Amino acid sequence: MERLIAIHGNNNPSSIGTYASSGCIRMYDEEVRWLFDRVQTGTKVVIGQFHSQSFDSIAVKNKYKVSSAPVAQNLCKTKKLSKGQIGFVTIQSPMVLLKEEKGKWVKIRTLNRGERYNVYKINGIKVSLGPGFIENYPNKKTSIKLDICK
């Protein structure tokens, strides 16, 4: 079944996830800005309740082509993981460590080239480093190197 549904930001972040529109998909403004730069107008999307499924598995189930970059495993062979850790990230160019506060993304500090951090969770574009997260844009020239061990 196909139907037209608008995907847009809004000026009331606390309304996201509630029944407050006429069927539109409301997103945080920062996420809409990220999406707008990467997806052409008119692109077909899959809407559903996917819980903790990966983007790749959702795409494959809906017959979309998936091209994931190979994941390096070298740090996984030489470093021990701490509790809850799934891998490592090495910063390739300066980027911002963020945290979510009252529905907005707030800068904690800038991470510098060559620094390495433990990774605890990956959720869409968010890579959780414990105290905060960084954004990983798969289609953008990468500024991080991920080593996922689990």
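Strands here are DSSP runs of E at least two residues long, numbered from the N terminus. Everything below comes from a predicted model.

**View 1. N10, tucked into the loop between β1 and β2.** This Asn sits in the loop that links β1 (7–9) to β2 (25–27). N10 is buried, because its relative accessible area is 15% and the cut-off for buried is under 20%. A polar atom of the N10 side chain lies 2.5 Å from the backbone nitrogen of N12. Skip the neighbours within four places in sequence, and N10 is in contact with S15, I16, R26, M27 and D29.

**View 2. W105 and F133, an aromatic pair.** The structure holds 1 such pair. The ring centres of W105 and F133 are 5.2 Å apart and the planes meet at 75°, so this one counts as edge-to-face. W105 belongs to strand β5 (residues 104–111) and F133 to strand β9 (residues 133–135), so the pair ties together parts 28 residues apart in sequence. Both W105 and F133 are buried.

**View 3. K126 over the ring of F133.** Stay with F133 and bring in a lysine: the charged end of K126 sits over the F133 ring, 4.8 Å from the ring centre.

**View 4. Zooming back out to the whole protein.** Overall there are 3 helices and 10 strands, running β-β-α-α-α-β-β-β-β-β-β-β-β from the N terminus. Of the 150 residues, 24% are buried. Take the contacts between residues at least 6 apart in sequence, and 52% of them join residues at least 24 apart. The accessible surface is about 11,100 Å², with 53% of that belonging to carbon and sulfur atoms.

Technical notes. Residues numbered from 1 in each chain as written. Predicted model: local features only at pLDDT ≥ 70, side-chain atom pairs only at ≥ 80, totals over all residues. Heavy atoms only, no water. Helix = DSSP H or I, 4+ residues; strand = E, 2+ residues; numbered from the N terminus. Buried < 20%, exposed > 50% of the residue type's maximum accessible area, 1.4 Å probe, protein only. Polar contact = N/O pair within 3.5 Å; in protein donor to acceptor, adjacent residues only side chain to side chain. Contact = heavy atoms within 4.5 Å. Phe/Tyr/Trp six-rings, centres within 6.5 Å; stacked < 30°, edge-to-face > 60°. Lys NZ or Arg CZ within 6 Å of the ring centre and 35° of its normal. Areas by Shrake-Rupley, 256 points an atom, 1.4 Å probe, with all protein chains shown as cover.
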